[in-house]
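Here are a few exercises to work through with the model open in your viewer. Try each task before you read its solution.

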Amino acid sequence: VPPSGRAHHLEGPAGDHAPSGTVTFHTLREYVVGDDLRHVHWRSSARTGTLMVRQFVDAALPTTTVVLDTRGLTEPAVDAAASVALASARAGYPAAVVTGEGPLTGARADAETILDRLALVRPGTTGVAEALRTARGGGSLVLVTGDPSQTARAAGARRRFDRVVCVVCVRVGAVPPPAPQP
């Protein structure tokens, strides 16, 4: 399983920008102007004489997004994409598989669904640019392609993901064009 994200708190990534949907209590801290007054912990505030607010963290698991380049699709590329997605799913982490033609699986797909969808994938005409543009950020991005020039596109999505891994699968005996230098 590729490492998904930076150093994570045991309950999720610590930060002041955690969304309110998938959060859990992390700690108490002093009130700062602009904090949501609904998060004031009145009992601690009365005891300390200072307004104290609950700080929450996002407890959602990091997602591994696998982008499969279907232009010039090869069996080793499908195998590599399946390997990454299955390893994440079996480890209990969300894994989404996306192609230029659209998503193959959602992030909560089980191992059987991932294999079923990848078994039906066919060569396409749309490159990875569209898949990278629509892929949800965060966690790890794994780009599986047969064209080394597509790795430069993954570099453009780098700021949206914590980790980016590129896997280039070429046919045995084929000489791939040189990869662009970042």
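**Exercise 1: a strand pair.** Find the residue in E7 that stands opposite Ser140.

*Solution.* Ser140 stands opposite Arg163 in E7. Before going on, note that this is a predicted model, in which local features need pLDDT of at least 70, side-chain atom pairs count only at pLDDT 80 or more, and totals for chains, interfaces and linings use all residues. Residues are numbered from 1 along each chain as its sequence is written, and side-chain values use heavy atoms, with hydrogens and water left out.

Next, widen the view to the two strands: E6 (residues 140-145) and E7 (residues 163-168) run parallel and are joined by six bridges. Strands pair if DSSP finds at least two bridges between them. The elements are DSSP runs numbered from the N terminus, with helices (H or I) of at least four residues and strands (E) of at least two.

**Exercise 2: salt bridges.** Count the salt bridges, then look at the exposure of the partners in some of them.

*Solution.* Apply the rule: a side-chain nitrogen of Lys or Arg within 4 Å of a carboxyl oxygen of Asp or Glu. The count comes to four. For exposure, buried means under 20% relative accessible area, exposed over 50%, and partly exposed in between (1.4 Å probe, protein chains only).

- Arg29 and Asp35 have their closest N and O atoms 2.9 Å apart; Arg29 is partly exposed at 24%, while Asp35 is buried at 18%.
- Asp36 and Arg38 meet at 2.7 Å, N to O; Asp36 is partly exposed at 28%, and Arg38 is exposed at 70%.
- Arg133 and Glu130 also meet in a salt bridge at 2.7 Å, N to O. Both lie in helix H4 (residues 128-134), three residues apart, about one turn of the helix.

**Exercise 3: the core.** Which residues touch the most other members of the largest nonpolar core?

*Solution.* Start from the definition: buried Ala, Val, Leu, Ile, Met, Phe, Trp, Tyr and Cys residues joined through side-chain atoms within 4.5 Å. The largest such core has 22 residues, and Val66, Leu68, Val97, Ile114, Leu118 and Val144 touch the most other members. By element, helix H2 (75-90) gives the most to this core, with nine residues.
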